[in-house]
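Thanks for picking this one up. Here are some notes to read alongside the model, so that you have a few places to start looking.

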Amino acid sequence: MAMSMYQASIPQLTKMLTNLSNILKKGEEFAKAKNVDGAVLVGDRLSPDMFPLSKQVQIACDQVKNGMARLAGVEPPKFDDQESTFAELQERIAKTIAFANTIQPAQVDGTEAKEIKFSIKEWHFEFVGEQYLLTWIIPNFYFHVTTAYNILRHNGVEIGKSDYLGG
């Protein structure tokens with residue numbers, strides 16, 4: 001039996017957001033233990049042309065809230081993208097999980113062929129639901145979660161695969 005759109009999305013996305021929250025907690029603890037301003041880590045990036053940790057977390061959350069809202073046919077919550085501290089990033093993750101948990105299976109299941117159209121700056125995208133979930137939401141989400149993990153790991157935060165995958 002094929003996995004439903006809901007089962008392929010919300011449970012795994014919220015689990016990984018929880019894991020990201022736990023990784024950020026370790027980042028904050030590391031900063032305190034090393035007497036480093038947490039804003040330094042939150043603003044760090046792997047490469048000059050990549051987004052900083054804060055934006056990686058914001059985009060990971062946006063993939064969940066905006067993507068799942070499009071599939072469910074509901075309005076996503078609006079966030080200001082002003083997070084500059086670990087506490088603010090944690091709040092964004094918590095709000096994203098809370099929103100995701102309001103989406104019911106019946107809102108997402110059956111959206112495999114739903115037309116999804118949106119624009120980001122000058123780029124325009126058109127998908128059907130299943131393609132949108134499997135080739136846009138999920139890969140983008142994991143890219144940004146992984147990049148957030150890698151920024152912290154690169155800075156010496158003691159995290160590993162078990163932190164990334166969770167319990």
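This is a predicted model: local features need pLDDT of at least 70, side-chain atom pairs count only at pLDDT 80 or more; totals for chains, interfaces and linings use all residues.

1. Which residue does the side chain of Lys55 meet in a salt bridge? The partner is Asp81, with 3.7 Å from N to O. This pair links distant parts of the chain, since Lys55 sits in helix α3 while Asp81 lies in the loop between α3 and α4, 26 residues apart. Asp81 is partly exposed too, having a relative accessible area of 30%.

2. Next, have a look at Glu83 and Arg92. Their salt bridge brings the closest N and O atoms to 3.0 Å apart. Are these two buried or exposed? Glu83 is buried, with a relative accessible area of 12%, and Arg92 is buried as well, at 0% relative accessibility. Both count as buried because the cut-off is under 20% relative accessible area.

3. Salt bridges with shared partners join Lys55, Asp62, Lys65, Asp81, Glu83 and Arg92 into one network. In general, side chains of opposite charge can pair when their charged atoms come close. The structure holds 9 salt bridges.

4. Glu28 is partly exposed, with a relative accessible area of 25%, whereas Lys32 counts as exposed at 61%.

5. Now for the nonpolar side of the picture. The largest nonpolar core has 47 residues, and those touching the most other members are Leu20, Leu24, Val57, Met68 and Leu152. At least two residues of this core come from each of α1 (10-33), α2 (38-42), α3 (53-72), α4 (86-100), β1 (115-120) and α6 (129-154). Which element gives the largest share? That is α6, with 11 residues. As a general point, nonpolar side chains in soluble globular proteins tend to be buried together.

6. Apart from its neighbours within four places in sequence, Leu20 is in contact with Val57, Ala60, Ile93, Val145 and Ala148. Of these contacts, Val57 is also one of the core residues that touch the most other members.

Conventions. Residues are numbered from 1 along each chain as its sequence is written. Side-chain values use heavy atoms; hydrogens and water are left out. A nonpolar core is a set of buried Ala, Val, Leu, Ile, Met, Phe, Trp, Tyr and Cys residues joined through side-chain atoms within 4.5 Å. Buried means under 20% relative accessible area, exposed over 50%, partly exposed in between (1.4 Å probe, protein chains only). Helices (H or I, at least four residues) and strands (E, at least two) are DSSP runs, numbered from the N terminus. Contact means heavy atoms within 4.5 Å. A salt bridge is a side-chain nitrogen of Lys or Arg within 4 Å of a carboxyl oxygen of Asp or Glu.
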